[in-house]
Amino acid sequence: MRILVALTLCLMPLGAASQSAAPAVSEELLIEGQGAGRHGGRLVMALRAEPRTLNPALATDSPSREVIGRMTADLIHVNRASQVPEPALAKSWSRSADGRAYTLRLRRGLRFSDGHPFDADDVMFTFAVLLDERVAASQRDLLMVGGKPAIVAKVDSHTVRVTLAQPSAAAERMFDSIAILPKHQLETAFRQGTLATAWTLATPPAAIAGLGPFRLKEYVAGQRIVLERNPYYWKADAAARRLPYLDELVFLFTGNEDAQVIRFQSGESDVIARVSPENFAVLARDQPVKKFQLRDLGPSLDYNFLVFNQNDLAGKNLPAIARKQRWFSDLNFRTAVSRAIDREGIVRLVYRGRAAALWGNVSPGNSRWLNTAIPRPPRSVEEARALLKASGFSWRPDGALVDGGGERVQFTIATSSSNAQRTEMATLIQADLKEIGMDVRVVPLEFRALLDRVVQTFDYEATIQAFGGGDADPNSEIHVWLSRGGNHWWRLGQKTPQTTWEAEIDRLMERQLVTLDYAERKRLYDRVQQIVAEQLPFIFLASPHVLVGARGDLANFQPAALDHPLWNADHLFFRPQLTTGRR
Amino acid sequence: MALLELARLTVRYLPAPEYAQPAVDDVTLCLDEGERVGVTGPSGCGKTTLALAVLGLLPATAEVSGSIRFSGRELAGLSDADLRPIRGAGVSIVFQESAVALNPLMPVGAQIAEVVRAHSSDGRAGARDRALAALEDVGFDRDISRIYDAYPHQLSGGQRQRILIAQAMVCKPALVIADEPTASLDWTARADILRVIRHLNERHGTAFLVISHSAEVLAAAADRIVGMRNGRVVPVPAQASAEPVVFPASLPSRGAGDAPLLEVRQLTKTFRQRRFLARRGHEVEVLRGIDLSMPPGQTLGLAGESGCGKSTLARCIAGFEAADSGDVRVAGSNAATLRGRELLRYRNSAQLIFQDSAAALNPRFSAVDVVAEPLVIQGIGTRHDHRSRALDLMERVQLPTDRADARCGEFSGGQRQRLAIARALAVQPRLLILDEALSGLDLVTRTHILGLLRELQQTHGLTYLCISHDLDLLAQFASDLVVLHRGRIVSSGPAVSCLERQVAQAQTPFAPTARLVAAG
Amino acid sequence: MTSRRGLLFGTLAAIHALILFAGFFAPYDPAEQARVIPYAPPSRVHFVDVEGRFHWRPFVYAWTPDPAAYDRYLEDPTSRFPLQLFVRGAEYSVVPGIVTNVHLFGVAGPARVALLGTDGYGRDVLSRLLHGGRLSLIAGLLATVCSLIAAALIGTLAGFSGGTVDQILMRTADLFMAIPWLYLLFAVRAALPLQMDARDTFLLLVVVLGVIGWARPARLIRGIVLSARERTYVLAARGFGAPRRYLLRRHVLPQTAGAMLTQAALLVPHYVLAEVTLSFLGLGVGEPVPSWGNMLGALQQYHVLTSYWWMFAPAVALIVVTFGYHLLTSYVHERMRVVAI
Amino acid sequence: MGYITRRLAYSLFTLLTVSILSFSFLELAPGEFVDDMRVDPTVAPETIEELRRQYGLTESLPVRYFRWLRGAAGGDFGYSFAYHTPVSSLIWDRARNTLLLTVPALAIGWLIALPIGIWTASRPGGWTDRASDAGTSALLTVPDVLLALLLLLLALRTGWFPTGGMTSPGAADLNLFGRAKDVAAHAFLPLMALVVSTLPLILRHVRASLIEALEAPAIQAARGHGIPRVRLLYRYALPMASNPLLSLAGLSIASLLSASFLIEVVMSWPGLGPLLLDAIMARDLYLIVAASLFSTLFLVFGNLAADLALFAVDPRIRPGQGARA
């Protein structure tokens, strides 16, 4: 495990740290790693889409966040492997007795990648920018606790106090995703209100400074972004040599996943993330020759689910869907559908066994919060038929299922056409439900057209979607489970919870939000999982494994299921190996 | 040793069944140096196939047997590459259709220079000089360099024909084969071409094989004449080829007292040619005040060189085009004022027979369809009537009804013209306008059709307006003659007197090169 | 020459018969999933069994998945399943209304015969190819007919009337070629009601495609009509008082028949291919209805391309049919040109 | 000349119509740029509304269109929502890359199609004719995406070519020649894919119009005068067949920007293809409109060039030298 040492370093410069400035006496560096690394080399990774902006306040798409993540640092960082917050730019922090105020003491002597010193003013500036309505930064909602923004006060040049409206269990997580902005570069743009057009891809490298391990070197439109080593980075290895080891980090933009796999196989890219199971099998076949490091990191936090449209359709003339909602709102109907679905078939055929079947909303990948007591009934058509019979459904001689009023049970599952896996799942479910007489049609729709139906016009019957992301904490799902939440898709826009169990979930979620004790929070969240598994607003299907690959001679490659494979880019280095010469 | 010897030459077009008549059947012919031989016969008798066979220009589907020896060397069976040096240098050919035989996208002078460069190592300048010399050789005297750089569509028919001959002669070949050199030319241009051929033969000693259906052309152009029919060589009656065939005198026009069938008063017509790019199109005045009247039953001849407006006049009379001013009356009714049913009755009464019979009939239609078309269009009688009337009309124009359902694309030129006449008769016209209807036909066929028209005039009392550039034809067929020049009538009167006046006035307005008037 | 022509017609007729009676010739229902054997290679038909005995009736072995690999299968030599003719299997409708379940060949019991292997869901590729062919060819021909009808109407109108009408129509044709069709198709599909049957959606889109594709053939037909209009026999017919409709029907349109045929030979494959792009954009026919378009779409995944060669079947079928159509149209065009001078 | 000004006026009209149509189609297509933020649980609805206001999505179609039109008149074609930069600069870089691919591909396509087309036309029925026939109909059926993937597979197995992109990461510090060689190596496979996908159509049109031209009597006459075979084909037959070919050339210029759409996406070539596909998927309004206007410009230019070339080749319709009776 890494040694966690906060030490005022006063060692003399050791060894020929490549062009990086030798650690200055006054820098309070964070020491990490065994120090066996070797400087030099260029690491190339292919991104599936081109990042849209380098401005942390505006980035909403994942490619932009992945690149920005390598150029910025946050005050407190949550270790994705152990889920435990660790000191980052703040070398230590303390929480007030009432759990609302946090005092963070910043590391001294640190400098931005352009050499400008870093201090509390930059932190104050960052919070001011993120809380400003005009900027409409996506991180703004993180800073809203109990509906009121956090109040930030500067104690001295290297100490800051952040006070929340009410205690929040996930306070440390709040600091995790806030990238500290350089006041000296963005203050004028912020004051003139032109921050929205600051730090675009075309901005010259000199005008972009950050505290991350790398800084911008070059952007070539449509092809790649090249980051170079940040000579002032505030981390060093056990041998007191300043990190990162790599000279350059290059992100290539490739059209689609197949192009990405081909580039990785040809050696043009060194790391590949989020590989689909089929392509992972193709890479595995090349393994003996090419000596890749292929890792199956187990189930991710994402969960795929089938959701029936139970929205209130008053005012939207969708009579056909309204009629069908009588089925969708019937618990026996939903349970029958869940029982009839062949989850093993999905895992084997869609994911080639590299996925975990799901019966609840928490994936096995999130061992910290998973409620293991949730029943996981095997597929049984008979039980499904019994449940349907109990609700007054019957079957015609030709096997077609009809409801109490004699109407044939027929509905469509809409899927996003750009996601092959979900369309395949829908096709399997279509065949499964045919066995209990349901006539299901699969309708692939372009992604935005589908979303428009699900969250705006409610003009759909059922759809397969997926949630989840980089944060295991229950709070990241708050918008899904609260009845008034923006992602409460099965019935949106509820002012007050329409059903008793949704009311109970609201209470549970709000209580766990402010419960600091982990065991108590776990108990509350387990109850939520149990209700969801019983009421089945979402019929959970499977959680795909995280599959990553890297070159054989890339050392310290420790991809974490819940984060970007280059989360420890500052520790990566190339072991000298007999492979062909470096480019 | 003869220059060209054809021994038992036979050409058969392959997809045709075994028993079919070969296009050229066992022809033996020889031609000495400097000799001028004419080949004549009805259209479709194989004379053109014979010419193409000599130079190996037959399509791939042709199967050639027998021998073709040219100055001792066997040509039959030679590959395209071996024949190429001979074509244009040893033997060259002058094609019939001057309008399409020249490359429209290349100046004519350059096309002559091309032949020079194909057969010699002359550079661009050398070739240009020899081409200019060739132009002079074929009778161009004034501003030769302008002609050299002109494009084919900017020259007249006669000029284009002379370019073709220049192309054939520029490499001084031993033998020139001329396929219908004068067919599409008017009277004076034809005389020029024959003179050029004689001039080249005397000056360069070039042998000529002239193919033509017209006896006068061969009389002027050839020392001896070979006849052909159905692919075989047939003896030509010695004198028949010399004098023109005599027709029975045309019916004297009926008394002047009858009301005139056709009256044309001060007819004028201008064409506004909208040039593709020029903003202001320039006007060409085609008819400048025409007065004409025809009693019923008369046969009036209308003569004039190409471009004098005779076709436009024909179209105005037939109602295809509206005149700018003046009026046209047929049987009392004026085309300009009519609409609907009356205009249709007017149109039926005045029918136009076009020159190019191939284009006037839709090749996909069967003969019956073509003749019955007017009945179908105007809905006269039932479907069954149409067929029976069409067959009856075909008999009336002496066409074999057993081929009634064959496509009219498969009929000969003469037969197609008869179909056109039958079609016109379907609507019982009173006036037939023959716009160069007979100039494309060979002598024999033309005689038969004139006989047919004469007969129809007696049985149906038809009135004919016969338009042609061929004065000889008009002189024999029409009772009266009108001569048109640049949109005005320059002389009119009984046919015979009118003709003498034309010949006597050496400088007739439309004989451009007076020096060459004295025909061969 | 006649023998080659007979061969061409023979193969084309055979292919179309196979596709028309897909239900009978295909051993399985195209949508029936055998989830045990995804991406199975074409089954090997044996005459000689393991002990070397020869059997008149060809037979196959049952497959057992190879535990080591996801998509490799071992033949179980102990079980021998002879191929049977005229077996009873999945129901299908020969003609809407007549339903039967007789198939030309098949094999009994747990074993499955997949002459062209299976796809990702274990569905029989041969059955999908035949059933899919029916949909793709109908879609291809339908779209071609639509665009040619539109092209003929507009081309003839422009060619025949000339002047400003001609200019307006031809400029609209240019415009149609300029519009990027991608998001038009999005707009059309997304704006449609959800409950449409997969096949209706597809046919509707194909009609939209057909109508969009009229611009190029229309320009061609206009050119031909312009020249046909000047022909003397058209002038003569007009002299007899023939109305415009008659002139078009009897004289002008037959002229364009040749060009329309050659365009058809180009458009049919183009529209079947357009179905591939539609599927790539997720707008093609929905599962489980098979079509050459979505089968080719599946082929366009890297892992399929590199490991399952039998998934190329739709590509090969499309090439054969396109070549057949090309020869057919050039032969007919040749014969028609001989007649028309 | 009157003609040119008329054609320019017409092309302005076409550009205007295309912009109106693009706007209306996008309005018809449901979904808008901010939709994917609605899925991200961390983003609150108010933020989304604020962004919609900033992007102008809250205004009605006519208002948005005329505001855009006023800007476009002044050369400002609007902002891309995704890239937060003016649209014109974005498009120009990508269009240059696309042209770097499509212009040589078009040239190579014609340089291959002309000789083969002429050769097969001069020997109808020969084995070369049948082979090229089979070849073209086979190539006509290969979808672009499959072709691109197969070529990438070839690059991977042989290792001779880079597998995608336009320049290799270390290219910046090479000299001009080194950089050019690097781009050429990257461009080879997409270029091959593009030539193979555009060649069949051109080849078939060249062959058809050549066969028609070779049947003209003028060619028979020229053969009769002993003009050599090759000169006959290129100096006589080809110009006479130029009318349909030139309009096809005009059309292929028009498709310069769109022909390589899918090939660029699959082979990660930084052209207009990937940019436009992302923009369409993301409903990046002004980027799509600007891209379609840019390709319409090529269409108008292509047709104009074809018509002018026609005047150059065919004297009969050339102005000023009217027919003299």
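This is a chat about the chains, contacts and local geometry of a predicted model.

Student: Which pair of chains shares the most contacts?
Tutor: Chains A and D do, out of five pairs of chains in contact.

Student: How many residues does each chain put into that contact?
Tutor: Chain A gives 51 residues and chain D gives 45.

Student: Which elements of chain A supply at least two residues each to that side?
Tutor: There are strands and helices among them. The strands are E3 (42–47), E12 (214–220), E13 (224–229) and E15 (248–253) of chain A. The helices are H5 (257–265), H12 (447–457) and H13 (478–481) of chain A.

Student: Which one gives the largest share?
Tutor: H12(A), with six residues on the side of chain A that touches chain D.

Student: How do the residues on that side divide by type?
Tutor: On the side of chain A that touches chain D, 21 are nonpolar, 16 are polar and 14 are charged.

Student: And A with B? How far apart are their nearest C-alpha atoms?
Tutor: They are 46 Å apart, and chain A and chain B do not touch.

Student: OK, B with C. How many residues are in that contact?
Tutor: Chain C puts in 16 residues and chain B puts in 20. Helices H8 (232–239) and H9 (244–280) of chain C each supply at least two residues of the chain C side.

Student: What types are on the chain C side?
Tutor: Eleven nonpolar, four polar and one charged, on the side of chain C that touches chain B.

Student: What percentage of chain D is buried?
Tutor: Buried residues are 47% of its 325 residues. As for contacts in chain D with a separation of 6 or more, 73% join residues 24 or more positions apart.

Student: Take H6(D). What span should it have, and what are its ends doing?
Tutor: H6 (residues 127–140) of chain D has 14 residues, so at 1.5 Å a residue it should span 20 Å. Its end C-alpha atoms are 20 Å apart, which agrees.

Student: Which residues of H6(D) are buried?
Tutor: Ser132(D), Thr136(D), Ser137(D) and Leu140(D). They cover an arc of only 125 degrees around the axis, so they sit on the same side of H6(D).

Student: Why would residues spaced like that point the same way?
Tutor: An α-helix has 3.6 residues a turn, so residues three or four places apart point the same way.

Student: What is exposed on the other side of H6(D)?
Tutor: Trp127(D) and Ala131(D) are exposed there.

Student: Now cores. How many residues in the largest nonpolar one?
Tutor: It has 478 residues, and Val371(B) and Ile433(B) have the most contacts inside it. Domain 1 (4–242) and domain 2 (262–519) of chain B both give residues to this core, so it lies between them.

Student: What is Val371(B) in contact with, leaving aside neighbours within four places?
Tutor: Ala390(B), Leu393(B), Met394(B), Leu419(B), Ala422(B), Arg423(B) and Ala426(B).

Student: And Ala168(B), buried or exposed?
Tutor: Buried, because 29 other C-beta atoms lie within 10 Å, and the cut-off is 20 or more. Ala168(B) is in helix H7 (residues 157–169) of chain B. Beyond neighbours within four places, it contacts Ser92(B), Ile93(B), Val94(B), Pro173(B) and Val176(B).

Student: Why flag that?
Tutor: Most peptide bonds are trans, and most residues other than glycine have a negative phi.

Student: What about phi at Ala240(A)?
Tutor: It is positive, near 55 degrees. Ala240(A) is also in the loop between E14 and E15 of chain A. Ala240(A) is partly exposed, with 19 other C-beta atoms within 10 Å.

Student: And Arg283(D)? Where is it found?
Tutor: In the loop between helix H13 (272–281) and helix H14 (285–313) of chain D. Arg283(D) has a positive phi of about 55 degrees. It counts as buried, with 26 C-beta neighbours inside 10 Å.

Terms used:
Residues are numbered from 1 along each chain as its sequence is written. Chains are lettered from A and ligands numbered from 1 in the order in which they are written. This is a predicted model: local features need pLDDT of at least 70, side-chain atom pairs count only at pLDDT 80 or more; totals for chains, interfaces and linings use all residues. Two residues are in contact if their C-beta atoms, placed from the backbone, lie within 7 Å. A residue is buried if 20 or more other C-beta atoms lie within 10 Å of its own, exposed if 12 or fewer, and partly exposed in between; C-beta atoms are placed from the backbone. Helices (H or I, at least four residues) and strands (E, at least two) are DSSP runs, numbered from the N terminus. Ala, Val, Leu, Ile, Met, Phe, Trp, Tyr, Cys and Pro count as nonpolar, Asp, Glu, Lys and Arg as charged, and the others, Gly among them, as polar. A nonpolar core is a set of buried Ala, Val, Leu, Ile, Met, Phe, Trp, Tyr and Cys residues joined through C-beta atoms within 7 Å. Domain bounds come from an automatic or database domain assignment. The expected span of a helix is 1.5 Å times one less than its number of residues. The arc is that of the directions from the helix axis to the C-beta atoms.
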